[in-house]
Amino acid sequence: MNNTKILSASVFAALLGSTGMAVAQDCAEPIKVGVLHSLSGSMAISETTLKDAMLMLIEQQNAAGGLLGCEIEAVVVDPASDWPLFAEKARELLTVSEVDVIFGNWTSVSRKSVLPVIEELNGLLFYPVQYEGEESSRNVFYTGAAPNQQAIPATDYFLEELGVEKFALLGTDYVYPRTTNNILESYLQEAGIAEEDIFVNYTPFGHSDWATIVADVVALGEDGKQVGVISTINGDANIGFYKELAAAGVSADDIPVVAFSVGEEELSGLDTSNLVGHLAAWNYFQSAESEANDEFIAAWKAFAGEDRVTNDPMEAHYIGFNMWVNAVTETGTTEVDAVRDAMYGQEFPNLTGGTAVMLPNHHLAKPVLIGEIQADGQFDIISQTSEVPGDAWTDFLPESAILKSDWQELGCGMYNTETETCVQLTSNY
């Protein structure tokens, strides 16, 4: 890209000679960071906060001296929860605004829309949200959870701790819920859950009439077996779902729900008094106890307002942005290929007291947390693991179990371990 920044080692060292220095005033042009999040439409409830988080991180980095002696400029666009528009906006960011990196997307369908563009143009995307796996692009670093870092551990918690015997897999109708639920159906059946004891239902984005679906879920337990809901419902549809649960008198003791796309931000718009005890699985909660988290929360509230909350995808952007900054600093350039090579093995403290590590498969090692909703909209962390390495290809689908991703040594994101060949390099799976 035309605006790649490269400094000689001597100039770069001189620029970094003092801590807290001001951004160099003679930098030819700023380093541009694209922010690709929906600020309108059904996903704005979740994505607007991630835009704000990126603005805070960029502001902090500029206050600390910028990057390579240059100021960082945020280039914010609104793809408006319109999946094809994500691709158009990504192309605009890379070819018109000439950004050096993009942080963005929430839904997998929006990410899938962007993939051909960034692979064609050799852009770099940091994707901060849990997803279904079954993908590995050399142009994407996946800083959210893969299924083995969220969906599988949450299902294990239902099986082992709550004794759930029947499962309702409720999701929004797009690639992430469908693929995740395919994985979970296979996993549950391997665990001894009968196919007839697994109820799967999909609804459109923005769905609001939940009465029939909630009634169907309640009916699953008429034989006395414990029912649990695994929710991959996204965006503002969650509001109607939880309201209908409350209206039907369904408590967490009756039918526990574990959500993969509901965090503090989504709960801030709800009356949570009737949701106490329901669960979410993430890799971070605001209630995590660590000095780094205390500092992050304080900075966020000072930037965005005292009533604003933090959440898991914000931590993913925090980790991804700082790893990118460190990779650029180490190489002395924002050039994509050089930065990519410098990302492998990057370590950065997470907000739960451990260390995030970037793996050769472009995924992080992250802890898995189960949180219980409290009346104040926060989560009581009731289960936490040590760091779990993210797996791009699940072990619970036969066609994926033989695949691995290793961009550092093998130069391949879809490597067949049986034939010892690279199946393909682009992500048109």
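Me: What should I know about the model before we start?
Reply: The model is predicted, so local features need pLDDT of at least 70 and side-chain atom pairs count only at pLDDT 80 or more, while totals for chains, interfaces and linings use all residues. Residues are numbered from 1 along each chain as its sequence is written, and side-chain values use heavy atoms, with hydrogens and water left out.

Me: Ok, how many salt bridges are there in the whole structure?
Reply: A search turns up 13. A salt bridge here is a side-chain nitrogen of Lys or Arg within 4 Å of a carboxyl oxygen of Asp or Glu.

Me: Which residue does Arg111 pair with?
Reply: Arg111 pairs with Glu132, at 3.1 Å from N to O. Arg111 is in helix 4 (residues 108-121) and Glu132 is in the loop between strand 4 (125-127) and strand 5 (140-142), so the bridge ties together parts 21 residues apart in sequence. Helices (H or I, at least four residues) and strands (E, at least two) are DSSP runs, numbered from the N terminus.

Me: Are Arg111 and Glu132 buried or exposed?
Reply: Both are buried. Buried means under 20% relative accessible area, exposed means over 50%, and partly exposed is in between (1.4 Å probe, protein chains only).

Me: What about Asp197, which lysine does it meet at 3.9 Å?
Reply: That's Lys166. Asp197 sits in the loop between helix 6 (175-190) and strand 7 (198-203), and Lys166 in strand 6 (residues 166-172), so this pair ties together parts 31 residues apart in sequence. Asp197 counts as buried at 10% relative accessibility, and Lys166 does too, at 9%.

Me: And which partner of Asp197 is 3.5 Å away?
Reply: Lys225, going by the closest N and O atoms of that salt bridge. Lys225 lies in the loop between helix 7 (211-220) and strand 8 (227-232), so its bridge to Asp197 ties together parts 28 residues apart in sequence. Lys225 counts as partly exposed, at 35% relative accessibility.

Me: Where is Asp52, and what does it touch?
Reply: Asp52 is in helix 2 (residues 44-63). Leaving aside neighbours within four places in sequence, Asp52 is in contact (heavy atoms within 4.5 Å) with Trp300, Phe303 and Arg308.

Me: Last one, how do strand 14 and strand 15 pair?
Reply: Strand 14 (residues 369-373) and strand 15 (residues 379-384) pair in the antiparallel sense over five bridges. Strands pair if DSSP finds at least two bridges between them. The bridge partner of Glu372 in strand 15 is Asp380.
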